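Please look at the sequence and the structure first, then read the points below.

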Amino acid sequence: MFFNYNNHSRRMFSVYRKKVVSPVASLIFCFLTLFSSPASTVEAAPTAVPEATQGVSACWAPLLARLKADGLHGPDVEFWFAGLGDSFSPDPMGLKIRELFRINFEPKPPLAAPPKPLGLYKGVVSEANIKICRDFLVLHKAIFDSAQSKYKVDRTVLAALLFVETRLGTQMGKNRAFWSLACLAASNKPEVMGQSLADLPMDQDRLAWLQSTLLKRSDWAYGELKALLGHCRGVGADPLGLPGSVYGAIGICQFMPSNISLLGADGDGDGKVDPFNLADAVHSAARYLHLSGWREKLSRPVQMEVIKKYNKSSTYANTVLTLAEKLPEKSVPPAKVSTKSAPKGKKGPAKPAKKAPAKPAPKPAPGTAPEPVSAAPKTR
(Lines give C-alpha, C1' and ligand atoms only; values in the text may rest on other atoms or scores of the structure.)
Protein backbone atom coordinates (compact mmCIF):
# COMPACT_ATOMS: atom_id res chain seq x y z
CA MET A 1 0.00 0.00 0.00
CA PHE A 2 1.33 3.37 -0.99
CA PHE A 3 1.93 5.64 2.02
CA ASN A 4 1.23 9.39 1.50
CA TYR A 5 3.62 11.18 3.81
CA ASN A 6 2.16 14.62 3.20
CA ASN A 7 -1.36 13.59 4.14
CA HIS A 8 -0.05 11.76 7.19
CA SER A 9 1.98 14.79 8.26
CA ARG A 10 -1.02 17.08 7.97
CA ARG A 11 -3.14 14.71 10.06
CA MET A 12 -0.44 14.43 12.74
CA PHE A 13 -0.01 18.24 12.87
CA SER A 14 -3.73 18.66 13.26
CA VAL A 15 -3.76 16.23 16.20
CA TYR A 16 -0.72 17.93 17.71
CA ARG A 17 -2.35 21.33 17.40
CA LYS A 18 -5.52 20.18 19.08
CA LYS A 19 -3.89 18.14 21.88
CA VAL A 20 -0.75 20.15 22.61
CA VAL A 21 -0.79 23.64 21.13
CA SER A 22 -4.35 24.53 22.05
CA PRO A 23 -3.99 23.60 25.79
CA VAL A 24 -0.68 25.46 26.00
CA ALA A 25 -2.13 28.55 24.33
CA SER A 26 -5.09 28.40 26.69
CA LEU A 27 -2.78 28.28 29.74
CA ILE A 28 -0.77 31.25 28.47
CA PHE A 29 -3.95 33.23 27.82
CA CYS A 30 -5.26 32.49 31.34
CA PHE A 31 -1.91 33.51 32.86
CA LEU A 32 -1.91 36.82 31.02
CA THR A 33 -5.51 37.49 31.94
CA LEU A 34 -4.92 36.88 35.66
CA PHE A 35 -1.69 38.83 36.08
CA SER A 36 -1.99 41.69 33.57
CA SER A 37 -3.03 45.13 34.90
CA PRO A 38 -6.68 46.20 34.42
CA ALA A 39 -5.61 49.45 32.77
CA SER A 40 -3.63 47.72 30.04
CA THR A 41 -6.46 45.28 29.47
CA VAL A 42 -8.89 48.16 28.87
CA GLU A 43 -6.51 49.93 26.50
CA ALA A 44 -5.90 46.81 24.47
CA ALA A 45 -9.61 45.98 24.13
CA PRO A 46 -10.99 46.60 20.62
CA THR A 47 -13.62 49.28 20.10
CA ALA A 48 -17.10 47.87 20.66
CA VAL A 49 -19.17 47.98 17.50
CA PRO A 50 -22.95 47.45 17.68
CA GLU A 51 -24.01 44.19 16.13
CA ALA A 52 -26.51 46.11 14.00
CA THR A 53 -23.69 47.71 12.03
CA GLN A 54 -23.20 44.37 10.31
CA GLY A 55 -26.80 44.44 9.04
CA VAL A 56 -26.79 47.45 6.71
CA SER A 57 -29.11 46.84 3.78
CA ALA A 58 -27.59 46.61 0.30
CA CYS A 59 -29.84 49.46 -0.86
CA TRP A 60 -27.71 51.89 1.16
CA ALA A 61 -24.30 50.48 0.12
CA PRO A 62 -23.62 53.07 -2.64
CA LEU A 63 -24.37 55.93 -0.22
CA LEU A 64 -22.10 54.46 2.45
CA ALA A 65 -19.28 54.07 -0.06
CA ARG A 66 -19.72 57.66 -1.24
CA LEU A 67 -19.79 59.02 2.32
CA LYS A 68 -16.66 57.04 3.16
CA ALA A 69 -14.86 58.46 0.13
CA ASP A 70 -15.83 61.94 1.37
CA GLY A 71 -14.41 61.22 4.83
CA LEU A 72 -17.67 60.64 6.68
CA HIS A 73 -17.61 57.06 7.95
CA GLY A 74 -17.31 54.99 11.09
CA PRO A 75 -19.33 52.64 13.31
CA ASP A 76 -21.84 55.39 14.10
CA VAL A 77 -22.65 56.02 10.43
CA GLU A 78 -23.03 52.31 9.74
CA PHE A 79 -25.21 51.96 12.83
CA TRP A 80 -27.48 54.77 11.65
CA PHE A 81 -27.89 53.21 8.21
CA ALA A 82 -28.53 49.81 9.76
CA GLY A 83 -31.36 51.47 11.68
CA LEU A 84 -33.05 52.37 8.40
CA GLY A 85 -33.36 48.68 7.51
CA ASP A 86 -34.47 47.80 4.00
CA SER A 87 -36.74 50.84 3.81
CA PHE A 88 -35.70 52.57 0.59
CA SER A 89 -38.60 54.19 -1.24
CA PRO A 90 -38.67 56.23 -4.47
CA ASP A 91 -41.68 58.20 -3.18
CA PRO A 92 -39.87 61.33 -1.89
CA MET A 93 -38.07 61.76 -5.21
CA GLY A 94 -41.22 60.84 -7.14
CA LEU A 95 -43.07 63.67 -5.39
CA LYS A 96 -40.42 66.20 -6.43
CA ILE A 97 -40.20 64.86 -10.02
CA ARG A 98 -43.96 65.15 -10.47
CA GLU A 99 -43.85 68.74 -9.23
CA LEU A 100 -41.05 69.61 -11.66
CA PHE A 101 -42.74 67.70 -14.50
CA ARG A 102 -45.87 69.83 -14.14
CA ILE A 103 -43.80 73.01 -14.21
CA ASN A 104 -41.80 71.98 -17.26
CA PHE A 105 -44.26 70.11 -19.46
CA GLU A 106 -47.86 70.87 -18.58
CA PRO A 107 -49.60 73.70 -20.45
CA LYS A 108 -49.15 77.11 -18.88
CA PRO A 109 -51.92 79.72 -18.61
CA PRO A 110 -51.91 82.44 -21.29
CA LEU A 111 -49.72 85.43 -20.57
CA ALA A 112 -52.69 87.78 -20.87
CA ALA A 113 -54.40 86.16 -17.87
CA PRO A 114 -54.83 88.64 -14.98
CA PRO A 115 -52.64 87.94 -11.93
CA LYS A 116 -54.33 86.12 -9.10
CA PRO A 117 -54.91 88.11 -5.90
CA LEU A 118 -52.75 87.20 -2.93
CA GLY A 119 -54.25 84.36 -0.92
CA LEU A 120 -53.84 82.96 2.58
CA TYR A 121 -53.27 79.45 3.85
CA LYS A 122 -56.68 78.22 4.94
CA GLY A 123 -57.37 78.37 8.66
CA VAL A 124 -54.09 79.98 9.71
CA VAL A 125 -55.14 83.57 10.37
CA SER A 126 -57.87 82.95 12.94
CA GLU A 127 -58.72 84.42 16.33
CA ALA A 128 -57.67 81.19 18.06
CA ASN A 129 -54.28 81.14 16.32
CA ILE A 130 -53.74 84.84 16.97
CA LYS A 131 -54.26 84.19 20.69
CA ILE A 132 -51.85 81.23 20.60
CA CYS A 133 -49.15 83.40 19.05
CA ARG A 134 -49.75 86.28 21.47
CA ASP A 135 -49.53 83.94 24.47
CA PHE A 136 -46.37 82.39 23.05
CA LEU A 137 -44.76 85.81 22.66
CA VAL A 138 -45.56 86.64 26.28
CA LEU A 139 -44.26 83.29 27.54
CA HIS A 140 -40.97 83.57 25.62
CA LYS A 141 -40.63 87.36 25.66
CA ALA A 142 -36.91 87.38 26.47
CA ILE A 143 -36.02 85.16 23.50
CA PHE A 144 -38.04 87.13 20.94
CA ASP A 145 -36.89 90.49 22.33
CA SER A 146 -33.26 89.37 22.12
CA ALA A 147 -33.62 88.24 18.48
CA GLN A 148 -35.44 91.45 17.50
CA SER A 149 -32.79 93.61 19.17
CA LYS A 150 -29.91 91.77 17.49
CA TYR A 151 -31.27 91.27 13.97
CA LYS A 152 -33.88 94.06 13.71
CA VAL A 153 -36.65 91.65 12.70
CA ASP A 154 -39.97 92.32 14.39
CA ARG A 155 -40.86 89.73 17.04
CA THR A 156 -44.38 89.40 15.60
CA VAL A 157 -42.96 88.43 12.20
CA LEU A 158 -40.76 85.78 13.82
CA ALA A 159 -43.66 84.32 15.80
CA ALA A 160 -45.91 84.29 12.73
CA LEU A 161 -43.23 82.64 10.59
CA LEU A 162 -42.61 79.88 13.15
CA PHE A 163 -46.35 79.35 13.50
CA VAL A 164 -46.79 78.89 9.74
CA GLU A 165 -43.73 76.60 9.60
CA THR A 166 -44.34 74.23 12.51
CA ARG A 167 -47.17 75.63 14.64
CA LEU A 168 -44.51 76.97 17.01
CA GLY A 169 -42.68 73.66 17.19
CA THR A 170 -45.66 71.37 17.73
CA GLN A 171 -45.74 69.96 14.16
CA MET A 172 -42.20 69.45 12.83
CA GLY A 173 -42.94 66.93 10.09
CA LYS A 174 -44.37 63.46 9.70
CA ASN A 175 -41.23 61.97 8.12
CA ARG A 176 -37.78 61.08 9.40
CA ALA A 177 -35.42 63.61 7.83
CA PHE A 178 -32.58 61.06 7.64
CA TRP A 179 -34.76 58.55 5.79
CA SER A 180 -36.16 61.19 3.42
CA LEU A 181 -32.72 62.50 2.45
CA ALA A 182 -31.24 59.00 2.13
CA CYS A 183 -34.07 57.98 -0.22
CA LEU A 184 -33.66 61.16 -2.27
CA ALA A 185 -29.89 60.71 -2.51
CA ALA A 186 -30.26 57.07 -3.59
CA SER A 187 -32.81 57.92 -6.32
CA ASN A 188 -30.25 58.87 -8.95
CA LYS A 189 -31.40 57.01 -12.09
CA PRO A 190 -34.71 56.07 -13.74
CA GLU A 191 -34.42 52.33 -13.09
CA VAL A 192 -34.25 52.99 -9.34
CA MET A 193 -37.64 54.72 -9.51
CA GLY A 194 -39.40 51.49 -10.52
CA GLN A 195 -43.03 52.04 -11.44
CA SER A 196 -43.46 55.21 -9.36
CA LEU A 197 -43.32 57.42 -12.47
CA ALA A 198 -44.78 54.96 -14.97
CA ASP A 199 -47.88 57.08 -15.59
CA LEU A 200 -45.92 60.15 -16.72
CA PRO A 201 -45.92 60.49 -20.53
CA MET A 202 -42.32 60.08 -21.67
CA ASP A 203 -40.50 60.50 -24.96
CA GLN A 204 -36.81 60.63 -25.78
CA ASP A 205 -36.38 64.28 -24.76
CA ARG A 206 -38.35 63.87 -21.54
CA LEU A 207 -36.39 60.77 -20.61
CA ALA A 208 -33.16 62.72 -21.03
CA TRP A 209 -34.67 65.45 -18.83
CA LEU A 210 -35.61 62.83 -16.22
CA GLN A 211 -32.10 61.36 -16.12
CA SER A 212 -30.52 64.79 -15.77
CA THR A 213 -33.01 65.90 -13.11
CA LEU A 214 -32.57 62.75 -11.03
CA LEU A 215 -28.80 63.22 -11.01
CA LYS A 216 -29.12 66.89 -10.07
CA ARG A 217 -31.70 66.39 -7.32
CA SER A 218 -30.00 63.32 -5.85
CA ASP A 219 -26.68 65.21 -5.71
CA TRP A 220 -28.42 68.02 -3.86
CA ALA A 221 -29.98 65.53 -1.42
CA TYR A 222 -26.63 63.84 -0.87
CA GLY A 223 -25.11 67.16 0.18
CA GLU A 224 -27.97 67.71 2.63
CA LEU A 225 -27.63 64.14 3.94
CA LYS A 226 -23.93 64.65 4.57
CA ALA A 227 -24.67 67.94 6.34
CA LEU A 228 -27.33 66.27 8.49
CA LEU A 229 -25.03 63.47 9.64
CA GLY A 230 -22.21 65.92 10.30
CA HIS A 231 -24.57 68.10 12.34
CA CYS A 232 -25.78 65.11 14.37
CA ARG A 233 -22.19 64.15 15.15
CA GLY A 234 -21.45 67.70 16.26
CA VAL A 235 -24.36 68.05 18.67
CA GLY A 236 -24.59 64.39 19.73
CA ALA A 237 -28.03 63.81 18.18
CA ASP A 238 -29.42 60.58 16.75
CA PRO A 239 -30.56 61.18 13.15
CA LEU A 240 -32.90 58.19 13.35
CA GLY A 241 -35.08 60.12 15.78
CA LEU A 242 -35.23 63.52 14.07
CA PRO A 243 -38.59 64.44 12.51
CA GLY A 244 -38.59 66.50 9.35
CA SER A 245 -40.32 67.41 6.13
CA VAL A 246 -40.48 65.12 3.13
CA TYR A 247 -37.47 66.99 1.69
CA GLY A 248 -35.42 66.92 4.89
CA ALA A 249 -36.03 70.30 6.57
CA ILE A 250 -35.72 70.02 10.35
CA GLY A 251 -36.43 71.87 13.56
CA ILE A 252 -38.82 74.54 14.77
CA CYS A 253 -37.61 76.87 12.01
CA GLN A 254 -37.47 74.09 9.34
CA PHE A 255 -33.90 74.68 8.22
CA MET A 256 -32.28 72.48 5.61
CA PRO A 257 -29.26 70.79 7.26
CA SER A 258 -26.69 72.67 5.16
CA ASN A 259 -28.14 76.00 6.34
CA ILE A 260 -27.66 75.23 10.03
CA SER A 261 -23.94 75.98 10.08
CA LEU A 262 -24.14 78.67 7.38
CA LEU A 263 -27.14 80.71 8.50
CA GLY A 264 -28.10 79.40 11.94
CA ALA A 265 -27.51 81.24 15.23
CA ASP A 266 -26.71 80.15 18.77
CA GLY A 267 -29.52 81.81 20.70
CA ASP A 268 -28.86 80.38 24.16
CA GLY A 269 -25.08 80.70 24.19
CA ASP A 270 -24.24 77.01 24.65
CA GLY A 271 -21.85 76.99 21.69
CA LYS A 272 -24.14 74.91 19.46
CA VAL A 273 -26.81 75.66 16.86
CA ASP A 274 -29.75 73.34 17.45
CA PRO A 275 -32.84 74.01 15.31
CA PHE A 276 -34.93 72.01 17.81
CA ASN A 277 -34.01 74.47 20.57
CA LEU A 278 -36.43 77.42 20.72
CA ALA A 279 -33.83 80.13 21.38
CA ASP A 280 -31.64 78.85 18.55
CA ALA A 281 -34.62 78.49 16.20
CA VAL A 282 -35.90 82.04 16.82
CA HIS A 283 -32.44 83.59 16.43
CA SER A 284 -31.71 81.46 13.36
CA ALA A 285 -34.93 82.55 11.62
CA ALA A 286 -34.15 86.17 12.51
CA ARG A 287 -30.59 85.90 11.19
CA TYR A 288 -31.82 84.25 7.98
CA LEU A 289 -34.27 87.10 7.31
CA HIS A 290 -31.68 89.74 8.23
CA LEU A 291 -29.14 88.26 5.82
CA SER A 292 -31.89 88.10 3.18
CA GLY A 293 -32.41 91.85 3.39
CA TRP A 294 -34.87 92.47 6.23
CA ARG A 295 -34.55 95.92 7.77
CA GLU A 296 -36.76 98.04 9.99
CA LYS A 297 -39.60 100.03 8.38
CA LEU A 298 -39.60 98.18 5.06
CA SER A 299 -42.64 98.55 2.84
CA ARG A 300 -44.94 95.55 2.71
CA PRO A 301 -44.00 94.61 -0.88
CA VAL A 302 -40.32 94.55 0.11
CA GLN A 303 -41.16 92.49 3.22
CA MET A 304 -42.94 90.03 0.94
CA GLU A 305 -39.85 89.63 -1.23
CA VAL A 306 -37.61 89.01 1.79
CA ILE A 307 -39.89 86.36 3.27
CA LYS A 308 -40.13 84.68 -0.14
CA LYS A 309 -36.41 83.93 0.23
CA TYR A 310 -37.40 81.74 3.19
CA ASN A 311 -40.18 80.14 1.17
CA LYS A 312 -40.76 81.23 -2.43
CA SER A 313 -44.55 80.97 -2.23
CA SER A 314 -46.38 84.30 -2.34
CA THR A 315 -49.25 82.75 -0.41
CA TYR A 316 -46.78 81.72 2.29
CA ALA A 317 -45.29 85.21 2.58
CA ASN A 318 -48.70 86.88 2.62
CA THR A 319 -49.94 84.51 5.33
CA VAL A 320 -46.90 85.21 7.54
CA LEU A 321 -47.26 88.99 7.21
CA THR A 322 -51.04 88.99 7.65
CA LEU A 323 -50.77 86.92 10.83
CA ALA A 324 -47.94 89.14 12.11
CA GLU A 325 -50.03 92.26 11.53
CA LYS A 326 -52.77 90.81 13.78
CA LEU A 327 -50.51 90.03 16.74
CA PRO A 328 -49.92 93.46 18.34
CA GLU A 329 -52.76 94.07 20.80
CA LYS A 330 -54.38 97.46 20.40
CA SER A 331 -53.79 99.65 23.43
CA VAL A 332 -56.96 101.19 24.89
CA PRO A 333 -56.48 104.83 26.04
CA PRO A 334 -57.42 105.42 29.69
CA ALA A 335 -60.76 107.04 30.35
CA LYS A 336 -60.61 110.80 30.92
CA VAL A 337 -61.48 111.86 34.47
CA SER A 338 -62.88 115.38 34.93
CA THR A 339 -61.04 117.51 37.53
CA LYS A 340 -63.79 120.17 37.72
CA SER A 341 -65.88 120.21 40.88
CA ALA A 342 -69.64 119.98 40.61
CA PRO A 343 -71.56 123.26 40.88
CA LYS A 344 -72.78 124.10 44.38
CA GLY A 345 -76.34 123.38 45.24
CA LYS A 346 -76.68 120.55 42.72
CA LYS A 347 -76.75 116.95 43.82
CA GLY A 348 -76.85 113.63 42.07
CA PRO A 349 -74.84 112.26 39.15
CA ALA A 350 -73.95 114.41 36.20
CA LYS A 351 -75.89 113.91 33.03
CA PRO A 352 -74.07 111.82 30.39
CA ALA A 353 -72.77 113.71 27.38
CA LYS A 354 -74.70 113.36 24.20
CA LYS A 355 -73.11 111.05 21.64
CA ALA A 356 -72.88 112.04 18.03
CA PRO A 357 -74.73 109.67 15.70
CA ALA A 358 -72.45 107.05 14.13
CA LYS A 359 -71.68 107.47 10.47
CA PRO A 360 -72.90 104.60 8.26
CA ALA A 361 -70.14 102.34 6.90
CA PRO A 362 -69.28 103.03 3.26
CA LYS A 363 -70.76 100.62 0.78
CA PRO A 364 -68.35 98.38 -1.12
CA ALA A 365 -67.61 99.37 -4.68
CA PRO A 366 -69.63 97.41 -7.23
CA GLY A 367 -67.88 94.39 -8.67
CA THR A 368 -65.50 93.82 -5.76
CA ALA A 369 -65.26 90.46 -4.03
CA PRO A 370 -63.64 89.24 -0.81
CA GLU A 371 -60.02 88.13 -1.08
CA PRO A 372 -59.82 84.39 -1.87
CA VAL A 373 -58.19 81.98 0.55
CA SER A 374 -56.01 79.21 -0.81
CA ALA A 375 -55.33 75.87 0.87
CA ALA A 376 -52.02 75.29 2.59
CA PRO A 377 -49.68 72.84 0.88
CA LYS A 378 -49.34 69.44 2.54
CA THR A 379 -45.60 69.41 2.12
CA ARG A 380 -42.88 72.01 1.69
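Of the 380 residues in this chain, 34% count as buried. The model is a predicted one. Its secondary structure comes to 14 helices and two strands.

**Surface and contacts of the whole chain**

- The chain has an accessible surface of about 24,500 Å². Carbon and sulfur atoms account for 60% of that surface.
- Among contacts in the chain with a separation of 6 or more, 76% are between residues 24 or more positions apart.

**The nonpolar core**

- The largest nonpolar core has 86 residues. Those touching the most other members are Leu63, Phe81, Leu158, Phe178, Leu229, Leu289 and Tyr310.
- Which residues does phenylalanine 81 contact, leaving aside its neighbours within four places in sequence? They are Val56, Trp60, Leu63, Leu64, Leu67, Phe178, Ala182, Leu225 and Leu229.

**Salt bridges**

- The count of salt bridges comes to ten.
- One of them joins aspartate 70 and lysine 226, whose closest N and O atoms are 3.7 Å apart. This pair links distant parts of the chain, 156 residues apart. Aspartate 70 is in the loop between helix H3 (61-69) and helix H4 (75-84), while lysine 226 is in helix H10 (residues 204-235).
- Aspartate 70 has a relative accessibility of 41%, so it counts as partly exposed. Lysine 226 also falls in the partly exposed class, because its relative accessibility is 32%.
- Another salt bridge is formed by the side chains of glutamate 99 and lysine 96, with an N to O distance of 3.3 Å. Both residues lie in helix H5 (residues 91-105), and they are three residues apart, about one turn of the helix.
- Are glutamate 99 and lysine 96 buried or partly exposed? Glutamate 99 counts as partly exposed because its relative accessibility is 26%. Lysine 96 has a relative accessible area of 13% and is therefore buried, since the limit for that class is under 20%.
- Glutamate 325 and arginine 300 meet through their side chains in a salt bridge with an N to O distance of 2.8 Å. Glutamate 325 is in helix H14 (residues 314-326) and arginine 300 is in helix H13 (residues 300-307), so this pair ties together parts that are 25 residues apart in sequence.
- Glutamate 325, at 48% relative accessibility, counts as partly exposed. Arginine 300 is partly exposed as well, with a relative accessible area of 28%.
- Lys141, Asp145 and Arg155 are linked in a network of salt bridges.

**Aspartate 280, a buried charge**

- Aspartate 280 is part of helix H12 (residues 278-291).
- Aspartate 280 is buried, yet it has no salt bridge. Which side chain of opposite charge is nearest to aspartate 280, and how far away is it? The side chain is that of lysine 272, and it is 9.4 Å away.
- A polar atom of the aspartate 280 side chain lies 3.3 Å from the backbone nitrogen of aspartate 268.
- Not counting residues up to four places away in sequence, aspartate 280 touches Ala265, Asp266, Gly267, Asp268, Asp270, Lys272, Val273 and Asp274.

Technical notes. Residues are numbered from 1 along each chain as its sequence is written. This is a predicted model: local features need pLDDT of at least 70, side-chain atom pairs count only at pLDDT 80 or more; totals for chains, interfaces and linings use all residues. Side-chain values use heavy atoms; hydrogens and water are left out. Helices (H or I, at least four residues) and strands (E, at least two) are DSSP runs, numbered from the N terminus. Buried means under 20% relative accessible area, exposed over 50%, partly exposed in between (1.4 Å probe, protein chains only). Lys and Arg count as positive and Asp and Glu as negative; His and the chain ends are not counted. A salt bridge is a side-chain nitrogen of Lys or Arg within 4 Å of a carboxyl oxygen of Asp or Glu. A polar contact is a pair of N or O atoms within 3.5 Å; within protein, one must be able to donate a hydrogen and the other to accept it, and residues adjacent in sequence count only if both atoms are side-chain atoms. Contact means heavy atoms within 4.5 Å. A nonpolar core is a set of buried Ala, Val, Leu, Ile, Met, Phe, Trp, Tyr and Cys residues joined through side-chain atoms within 4.5 Å. Accessible areas come from the Shrake-Rupley method with a 1.4 Å probe; for residues, only the protein chains shown count as cover.
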